[in-house]
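Here's a quick briefing to read alongside the structure. Have the sequence and the 3D view open as you go.

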Amino acid sequence: MTDRPKAHVQVARFEVSVLPQGDVNRRHFTLYVEWRGGGQWAVSNGFHECLSADGTWSYESIPTGRRDEWIAANRFSLSTAVALAKEHAPLISVNGHTALDVLERTL
């Protein structure tokens, strides 16, 4: 029997939402803090858009299409990315309803 290589485990994605686990609407009102390598994290809406430091959303192109300026504005430390996601999670809007609107209806 040959020695098998050891498996490595890394947390690469966190979900951030004001809606509780199990809520049927949660997937529509969730932000994702995702590892992008090199100690950098992104805040994603799950639709190929990333949140920038100034609170705007922009399309995340393929890696070879990303300019240094875009990366600088859209990549963060884990703690900064989590803070941004927590700040913006209540503001997610789908069909004119925010995450807070949906949360109020479920309480």
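A quick definition to start: a residue counts as buried under 20% relative accessible area, as exposed over 50%, and as partly exposed in between. Keep in mind that this is a predicted model. With 22% relative accessible area, R66 is therefore partly exposed.

**Salt bridges**
- The count comes to 6 salt bridges.
- R66 pairs with E60 at 3.6 Å, N to O, and E60 is buried at 10% relative accessible area.
- Shared partners link R13, E34, R36, E60, R66 and R75 into one network of salt bridges.
- Within that network, E34 and R13 meet at 3.0 Å, N to O. E34 sits in strand 2 and R13 in strand 1, so this pair ties together parts 21 residues apart in sequence.
- E34 is buried at 13%, while R13 is partly exposed at 46%.
- E15 and R26 form a salt bridge too, with their closest N and O atoms 3.5 Å apart. E15 is in strand 1 and R26 in the loop between strand 1 and strand 2, so the pair joins parts 11 residues apart in sequence.

**Nonpolar core**
- The largest nonpolar core has 17 residues, and F29, L31, V33, V43, A81 and A85 have the most contacts inside it.
- Strand 2 (31-37), strand 3 (40-44), helix 2 (78-88) and helix 3 (99-106) each supply at least two of its residues.
- Beyond its neighbours within four places in sequence, L31 touches residues including F14, V43, W57, A85 and I92.

**Surface patch**
- V11, F14 and L78 make up a nonpolar surface patch with about 230 Å² of accessible area together.
- V11 lies in the segment before strand 1 (13-16) and is partly exposed at 49%.

Terms used:
Residues numbered from 1 in each chain as written. Predicted model: local features only at pLDDT ≥ 70, side-chain atom pairs only at ≥ 80, totals over all residues. Heavy atoms only, no water. Core = buried A, V, L, I, M, F, W, Y, C linked by side-chain atoms within 4.5 Å. Buried < 20%, exposed > 50% of the residue type's maximum accessible area, 1.4 Å probe, protein only. Helix = DSSP H or I, 4+ residues; strand = E, 2+ residues; numbered from the N terminus. Contact = heavy atoms within 4.5 Å. Patch = residues over 30% accessible without salt bridge, like charges linked within 9 Å, V, L, I, M, F, W, Y side chains within 5 Å. Areas by Shrake-Rupley, 256 points an atom, 1.4 Å probe, with all protein chains shown as cover. Salt bridge = Lys/Arg side-chain N within 4 Å of Asp/Glu carboxyl O.
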